[in-house]
Amino acid sequence: MIERARRNYQQLLRRRTVRDYDSRPVPREVIEQCLLAAGTAPSGANQQPWHFAVISDPAIKHQIRIEAEEEERTFYNGRAPEEWLRALAPLGTDANKPFLDEAPLLIAIFAQKYGIDAQGERFSHYYVPESVGIATGFLISALHDAGLATLTHTPSPMGFLSKICGRPESEKPVILLVVGYPKPGCLVPVHGGIKKPLAAISSWL
């Protein structure tokens, strides 16, 4: 058990957020298996309140980039407080998001605020943010284990994703996950690999 736990930690320790992607396609079956892994996540009342819209069409990806960059320019040019911008500075991010065009796949992750039954009646979902967050973590881990890089992109607001992806009013977009292979020679910020030690993230009672 200890050896398996160590192997899993060492595997995840290699994961990095990547912003420079190669354009070569990713096999659909690989993504489908990773989505199935995400779907095994625990959720409130086992209602599984998530939807994953996988986007590979270049025109749709470009439309998403245009909309996302518009929101990002507003964020970087006034909406974001100075403290937030200082926190982002070591990562070297700005309003330009070429990876939204370059990466072979984008996965828009939607949280289902409520469900609709067979009679068309609305019913409540429980612990939606927590459930979708756990499923997203499962998905990122599965994609990494399959040999793919990811980036969790969260332009705010991102209501444009609902329209582009044709999703119902019951769903709210929460994350745009960029997926693919890193470009040859791709570099990532050293800052992103600095993780807090065990003593700083845990306690035993």
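How far is the sulfur of C34 from the closest cysteine sulfur? The separation is 19 Å, the partner being C165, and this is too far for a bond. A disulfide is defined here as a pair of cysteine sulfur atoms within 2.5 Å, and a search of the whole structure finds zero of them. C34 is itself buried, with a relative accessible area of 5%; buried means under 20% relative accessible area, exposed over 50%, and partly exposed in between (1.4 Å probe, protein chains only).

The model is predicted: local features need pLDDT of at least 70, side-chain atom pairs count only at pLDDT 80 or more, and totals for chains, interfaces and linings use all residues. Residues are numbered from 1 along each chain as its sequence is written, and side-chain values use heavy atoms, with hydrogens and water left out.

Helices (H or I, at least four residues) and strands (E, at least two) are DSSP runs numbered from the N terminus. Four strands form an open sheet in the order β1-β2-β6-β5, with antiparallel pairing, where pairing requires at least two DSSP bridges between two strands. Its edge strands are β1 (50–55) and β5, each of which pairs on one side only. On average, neighbouring strands are turned by 25 degrees against each other, direction ignored. Axes are lines fitted to C-alpha atoms, for helices over the stretch in contact, and angles run from 0 to 180 degrees between N-to-C directions.

Within this sheet, β2 (residues 105–112) and β6 are joined by eight bridges, and I107 stands opposite L177 in β6. β5 (residues 149–153) pairs with β6 (residues 171–180) over five bridges, with H153 opposite L176. Four of the five residues of β5 are buried.

Helix α2 (residues 28–38) packs on it, touching β1, β2 and β6 (contact: heavy atoms within 4.5 Å), and its direction makes about 165 degrees with that of β1. Helix α3 (residues 58–79) lies across β1, β2, β5 and β6, at about 115 degrees to β1.

A nonpolar core is a set of buried Ala, Val, Leu, Ile, Met, Phe, Trp, Tyr and Cys residues joined through side-chain atoms within 4.5 Å. The largest has 24 residues, of which I31, F52, L139 and L177 touch the most other members. Its largest share, seven residues, comes from α6. Leaving aside residues up to four places away in sequence, F52 touches L35, A38, I107, A108, I109, A135 and L139. Apart from this core lies another, of 21 residues, including I55, F99, L106 and I164.
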